[in-house]
Amino acid sequence: MATDDQHQNLRREVRTLVRHWREQGRYTARSDNWLRGFDPEFSKELAARGLIGMTWPKECGGRALSNTVRLAVTEELLRAGAPVAAHWVGDRQIGPAVVRHGSERLRAEILPGIISADFVFCLGMSEPEAGSDLASVRTFAVRTDDGWRVKGRKIWTSGAHHATHAYLLARTERTERKHQGLTEFVVDMDSPGITVSPIVDLSGEHHFNEVTFDDVFVPRHRVLGEVGNGWKQVVEQLSFERGGPERFLTTYPLLAELVATAPGRRDDVRAEIGALVARLATLRTLAWRLARSLDTGQAPVQHAATLKYLGNAFEHDVIEAARRLFSGGGRPPHQGYLQALLASPGYSVRGGSAEVLLSLIARQETSQ
C-alpha cells in the first residue's frame with residue numbers, strides 16, 4: 001500500500017524538475033503537451049529518476065509501486081504541461097499490456113526499451129473505414145511459417161513519425177462476429193513495407209499520421225497475448241488509456257490562467273470558474289478510484305470510459321470559458337486559448353468518440 005509520504009515526495013520531485021526545466025527555457029507549458037510535446041531528453045531524465053514503468057514488477061525492471069503513486073506523478077507532469085509524448089504511450093498502456101500478456105521473450109525485448117525511454121510507441125488502432133469502432137478494423141494479418149504478413153491502413157496515429165515501435169490491432173480470422181478474430185502485435189516501425197504519411201492540423205503542426213502496412217512481416221513471437229483474443233485484451237488495455245488524468249488535465253495550463261484572473265472578475269464569472277474547478281475535483285476523484293481498482297488487479301472498463309466521456313466534455317468547457325473571458329473587446333487573441341482550441345478536435349477522437357464510449361458504458365451496464 002502506498003503511503004502519503006511516497007505520493008508527496010514524488011510530487012515534490014516532479015515539481016522541482018519541471019520548474020528547473022522551465023526556468024532554463026527548456027520547454028514551454030501548453031495544453032495537450034502530453035501528445036504534442038515530444039522531447040526525448042525530458043523522457044530520458046524521467047527514466048533516469050525511475051519515473052517510467054513505476055508500477056511494473058521489479059523482475060520487469062519496474063519499482064512495483066502502486067497505480068495511485070504513478071497517478072500522483074502523471075498529475076504533476078500534466079499540470080506543468082510537460083513534454084512527455086516520447087514515452088507516454090509506452091509507459092501508460094503498452095508496457096502494462098506486455099507485462100500482463102507478453103511472453104518471456106517479448107518482455108525481454110520490449111520492456112527495457114520502454115523503461116529507459118529508448119523506445120517510442122505509437123498506436124495502430126483507428127482506421128479510415130472504422131474510426132473509433134475497433135471491432136470493425138480491416139487490417140489483416142496472414143499467418144506464415146515463421147510469423148505474419150500484415151496489410152492495411154491506420155489513421156490518426158499520433159507520433160508515428162517519431163516511433164520506433166507500433167502496437168497493432170489486426171484481424172487474423174474472418175468471423176461472423178466482428179469482435180472475434182482480432183489479434184494484437186508489436187511491430188518494428190523500420191520494417192520494410194511501412195509508410196508513414198503526415199496529417200497536418202489547422203495550426204500547421206504535425207503529430208497525426210496515416211500509416212500503411214504493405215505486406216509487412218511480423219515475427220511469430222511479436223504476437224501480444226493470444227491469437228484471436230485481441231478484442232478482450234484491447235478493451236482491458238483501453239482502461240489504461242481512457243482512465244488516466246490526461247483525459248481531463250490536457251487543458252490544465254489554460255484553466256490555471258483562468259483561475260489566476262478570478263480575483264478581479266465579477267461574481268458570476270468567479271462562479272463559472274469555480275464550477276470548473278469543482279468539476280475538476282470530481283474528475284480527479286474518479287481517476288483516483290480507477291487507479292485503486294487497477295491496483296487490485298481489475299480492468300475497470302466502464303469507469304474508464306465514463307471518465308474519458310466526462311473529461312472530454314470538461315476540457316471543451318474550459319476552452320469555451322476561455323473564449324468568453326479572454327476574447328473580444330478589441331484585445332489580441334489569447335495564445336493559450338488559441339493553442340488549446342486548435343488542438344481540441346483531437347480530444348473527441350482519441351481513446352474513442354463519445355458515441356463509442358456511451359455504447360460501451362451501456363453494454364457494460366446491461367451485462368451486470
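Trainee: Which residue in E7 is the bridge partner of Gly152?

Mentor: In this predicted model, the bridge partner of Gly152 is Phe213, which belongs to E7.

Trainee: And how many bridges join E3 to E7, and in what sense do they run?

Mentor: Nine bridges join them, and the two strands run antiparallel, with E7 covering residues 206-219.

Trainee: What about E2, how does that strand pair with E3?

Mentor: E2, made of residues 140-143, pairs with E3, residues 147-155, in the antiparallel sense over four bridges, and a hairpin of three residues joins E2 to E3. Within that pairing, Val142 stands opposite Arg149 of E3.

Trainee: Moving past the end of E7, where is Arg222 found?

Mentor: Arg222 lies in the loop between E7 and strand E8, the latter being residues 223-224.

Trainee: Is Arg222 buried or exposed there?

Mentor: Arg222 is buried, because its relative accessible area is 7%, and the cut-off for calling a residue buried is under 20%.

Trainee: Which side chain does Arg222 make a polar contact with?

Mentor: The side chain of Arg222 is joined to that of Glu109 by a polar contact of 2.9 Å.

Trainee: What else is Arg222 in contact with, leaving aside neighbours within four places in sequence?

Mentor: Besides Glu109, the residues in contact with Arg222 include Leu106 and Ile110, then His165, and also the run Glu184, Phe185, Val186, Val187 and Asp188.

Trainee: Switching to helices, how far does H4 reach from its first C-alpha to its last?

Mentor: H4, residues 67-79, reaches 18 Å over its 13 residues, which is close to the 18 Å expected at 1.5 Å a residue.

Trainee: How many of the residues in H4 are buried?

Mentor: Twelve of its 13 residues are buried, and the helix is accordingly described as mostly covered. Among the buried residues are Arg70, Glu75 and Glu76, as well as Val69, Leu71 and Leu77.

Technical notes: Residues are numbered from 1 along each chain as its sequence is written. This is a predicted model: local features need pLDDT of at least 70, side-chain atom pairs count only at pLDDT 80 or more; totals for chains, interfaces and linings use all residues. Side-chain values use heavy atoms; hydrogens and water are left out. Two strands pair if DSSP finds at least two bridges between them. Buried means under 20% relative accessible area, exposed over 50%, partly exposed in between (1.4 Å probe, protein chains only). A polar contact is a pair of N or O atoms within 3.5 Å; within protein, one must be able to donate a hydrogen and the other to accept it, and residues adjacent in sequence count only if both atoms are side-chain atoms. Contact means heavy atoms within 4.5 Å. The expected span of a helix is 1.5 Å times one less than its number of residues.
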